[in-house]
Amino acid sequence: MDVALATAWLRAAADSVTAEAELLTQLDSRIGDGDHGVNMRRGFTAVAAALDGAELTEVGAVFVRAGSTLISKVGGASGPLYGSAFRAFGKALPPGPSAGPADLVGALHAGLEAIRKLGGAQPGDKTIVDAYQPALTAFEEAVAGGAALPEAAAGAARAAGDGARATTPLTARKGRASYLGERSAGHQDPGATSTWLIFQALADVTAP
Ligand code: ADP
Ligand code: MG
């Protein structure tokens with residue numbers, strides 16, 4: 001992954017969360033405060049704008065810039081969580097203009113670690129983690145089996161989608177949805193859904 005591909009991924013993620021903003025907001029209005037679509041659209045639109053003409057030469061710097069932008073532009077829980085994840089992801093990449101699949105595995109671990117450190121969520125708590133964790137596992141297993149980036153990204157996107165759908169019966173234990181207790185069950189988690197969109201964007205921009 002080079003600077004151009006990293007930028008293309010984040011632009012595709014911005015397009016996707018913008019196209020699906022209504023869905024994300026609808027999901028969040030069932031178990032939260034109905035702002036997840038607005039938060040994601042605002043944050044990723046700002047990321048795309050920050051990368052326009054940024055002329056970054058290191059691939060990691062693209063993600064650090066994206067993460068800092070999300071932290072500064074999004075007020076909801078998701079801004080600091082995604083922002084910290086992208087910052088950690090970028091910082092974990094080796095210096096230089098590009099990174100290979102094994103580097104991306106390490107960076108994905110660092111991103112998830114940042115989310116868990118900041119938010120304290122475990123798998124099964126009905127959060128971003130429930131899409132991210134299976135996506136990371138699928139990506140890592142694909143790379144260990146010799147897959148190139150497009151195949152690993154496609155597997156990660158499928159696993160993230162499955163993980164997001166699997167949040168529906170869960171009771172939320174973190175974030176605003178946890179205030180609902182058992183009434184949060186029966187609705188798909190908005191943050192796990194946006195995580196799926198972000199992994200799907202990577203699969204789309206790397207697809208042969
Ligand atoms: P807010 O909850 O502040 O309105 P958003 O609506 O933008 O923020 O984001 C809500 C999403 O954030 C939830 O659906 C959930 O996936 C995710 N989330 C909330 N708290 C946590 C946490 N502690 N760890 C991981 N993800 C979380
Ligand atoms: Mg919300």
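**View 1. The lining of the largest pocket has 9 nonpolar, 9 polar and 7 charged residues.** In this grouping, Ala, Val, Leu, Ile, Met, Phe, Trp, Tyr, Cys and Pro count as nonpolar, Asp, Glu, Lys and Arg as charged, and the others, Gly among them, as polar. The model is predicted: local features need pLDDT of at least 70 and side-chain atom pairs count only at pLDDT 80 or more, while totals for chains, interfaces and linings use all residues. Residues are numbered from 1 along each chain as its sequence is written, chains are lettered from A and ligands numbered from 1 in the order in which they are written, and side-chain values use heavy atoms, with hydrogens and water left out. The pocket holds about 470 Å³ of space. Of its 25 lining residues, Ala77, Ser78, Leu81, Gly175 and Arg176 lie nearest its centre. Two or more lining residues come from each of α2 (21-31), α3, α5, α6 and α9. A pocket is an open set of points on a 1 Å grid over the protein atoms alone, with protein on both sides within 12 Å along at least five of seven lines; a cavity is a set where a 1.4 Å probe fits but cannot get out, and lining residues have an atom within 4 Å of a point. Grid points are joined across faces, edges and corners, and a volume is the space filled by probe spheres set on the points.

**View 2. Ligand 1 takes up the space of the largest pocket.** A molecule sits in a pocket if more than half of its atoms lie within 2 Å of the grid points. Around the ligand are 20 residues (each with a heavy atom within 4 Å of it), and His36, Asn39, Ala77, Ser78 and Asp189 come nearest. This shell divides into 6 nonpolar, 8 polar and 6 charged residues. At least two shell residues are supplied by each of α3 (36-51), α5 and α9, and the largest share, 3 residues, comes from α9. Helices are DSSP runs (H or I, at least four residues), numbered from the N terminus.

**View 3. Oxygen atoms of ligand 1 make polar contacts (pairs of N or O atoms within 3.5 Å) with the protein.** A polar side-chain atom of Asp189 is 2.5 Å from a ligand oxygen, and one of Arg176 is 3.2 Å from a ligand oxygen. Gly191 takes part through a polar backbone atom, 2.9 Å from an oxygen of the ligand. Of the 560 Å² of accessible area (Shrake-Rupley method, 1.4 Å probe) that ligand 1 has on its own, the protein covers 92%.

View 4. The whole structure contains 2 cavities of 30 Å³ or more. Met1, Trp9, Phe89, Leu104, Leu108, Phe139 and Leu202 line this second cavity. Its lining has 7 nonpolar residues, with no polar and no charged ones.

Conventions
A polar contact is a pair of N or O atoms within 3.5 Å; within protein, one must be able to donate a hydrogen and the other to accept it, and residues adjacent in sequence count only if both atoms are side-chain atoms.
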